[in-house]
Amino acid sequence: MWILILALYASPYAGNAFSTLHTQEFDTATACQQAAKQFTEKFETVKDIDAKAICVKKS
(Lines give C-alpha, C1' and ligand atoms only; values in the text may rest on other atoms or scores of the structure.)
Protein backbone atom coordinates (compact mmCIF):
# COMPACT_ATOMS: atom_id res chain seq x y z
CA MET A 1 0.00 0.00 0.00
CA TRP A 2 1.26 3.46 -0.93
CA ILE A 3 0.22 6.83 0.47
CA LEU A 4 0.21 10.08 -1.48
CA ILE A 5 0.89 13.06 0.77
CA LEU A 6 -0.04 16.46 -0.61
CA ALA A 7 1.47 19.28 1.43
CA LEU A 8 0.12 22.79 0.91
CA TYR A 9 1.32 26.06 2.35
CA ALA A 10 -1.62 28.40 1.86
CA SER A 11 -0.26 31.75 3.01
CA PRO A 12 -0.57 33.37 -0.47
CA TYR A 13 -4.32 32.68 -0.41
CA ALA A 14 -5.16 33.29 3.24
CA GLY A 15 -5.02 36.14 5.70
CA ASN A 16 -2.74 34.11 7.94
CA ALA A 17 0.03 31.57 7.42
CA PHE A 18 -1.08 27.96 7.66
CA SER A 19 -0.29 24.66 6.05
CA THR A 20 -2.33 21.55 5.43
CA LEU A 21 -1.67 17.92 4.60
CA HIS A 22 -3.95 15.63 2.62
CA THR A 23 -3.40 11.90 2.12
CA GLN A 24 -4.77 9.25 -0.21
CA GLU A 25 -3.94 5.52 -0.35
CA PHE A 26 -3.03 3.56 -3.49
CA ASP A 27 -2.41 -0.15 -4.10
CA THR A 28 0.71 0.33 -6.23
CA ALA A 29 3.63 2.72 -6.40
CA THR A 30 2.83 3.41 -10.06
CA ALA A 31 -0.74 4.54 -9.29
CA CYS A 32 0.54 6.78 -6.51
CA GLN A 33 3.19 8.35 -8.75
CA GLN A 34 0.62 8.96 -11.48
CA ALA A 35 -1.67 10.75 -9.00
CA ALA A 36 1.24 12.86 -7.72
CA LYS A 37 2.11 13.80 -11.30
CA GLN A 38 -1.50 14.82 -11.99
CA PHE A 39 -1.52 17.10 -8.93
CA THR A 40 1.70 18.83 -9.90
CA GLU A 41 0.75 19.22 -13.59
CA LYS A 42 -2.99 19.91 -13.57
CA PHE A 43 -3.85 21.97 -10.49
CA GLU A 44 -2.92 25.64 -10.80
CA THR A 45 -3.02 26.24 -7.05
CA VAL A 46 -0.39 23.53 -6.53
CA LYS A 47 1.84 25.22 -9.12
CA ASP A 48 1.28 28.69 -7.67
CA ILE A 49 2.20 27.84 -4.10
CA ASP A 50 4.87 25.21 -4.85
CA ALA A 51 3.01 22.45 -3.01
CA LYS A 52 4.58 19.02 -2.75
CA ALA A 53 3.04 15.66 -3.70
CA ILE A 54 5.06 12.78 -2.25
CA CYS A 55 4.46 9.01 -2.37
CA VAL A 56 5.57 6.88 0.57
CA LYS A 57 5.24 3.16 1.24
CA LYS A 58 2.85 2.35 4.09
CA SER A 59 4.49 0.04 6.61
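This report walks through the fold, the surface and the salt bridge of a predicted model.

Residues are numbered from 1 along each chain as its sequence is written, and side-chain values use heavy atoms, leaving out hydrogens and water. As the model is predicted, local features need pLDDT of at least 70 and side-chain atom pairs count only at pLDDT 80 or more, while totals for chains, interfaces and linings use all residues.

Let's begin with the fold. The protein chain has two helices and three strands, in the order β-β-α-α-β from the N terminus. Both kinds of element are DSSP runs numbered from the N terminus: helices are H or I with at least four residues, strands E with at least two. Among contacts (heavy atoms within 4.5 Å) with a separation of 6 or more, 54% join residues 24 or more positions apart.

Of its 59 residues, 22% are buried, meaning under 20% relative accessible area; exposed is over 50%, and partly exposed lies in between (1.4 Å probe, protein chains only).

Finally, the structure has one salt bridge, defined as a side-chain nitrogen of Lys or Arg within 4 Å of a carboxyl oxygen of Asp or Glu. K58 and E25 form it, at 2.9 Å from N to O. The two partners sit 33 residues apart and link distant parts of the chain.
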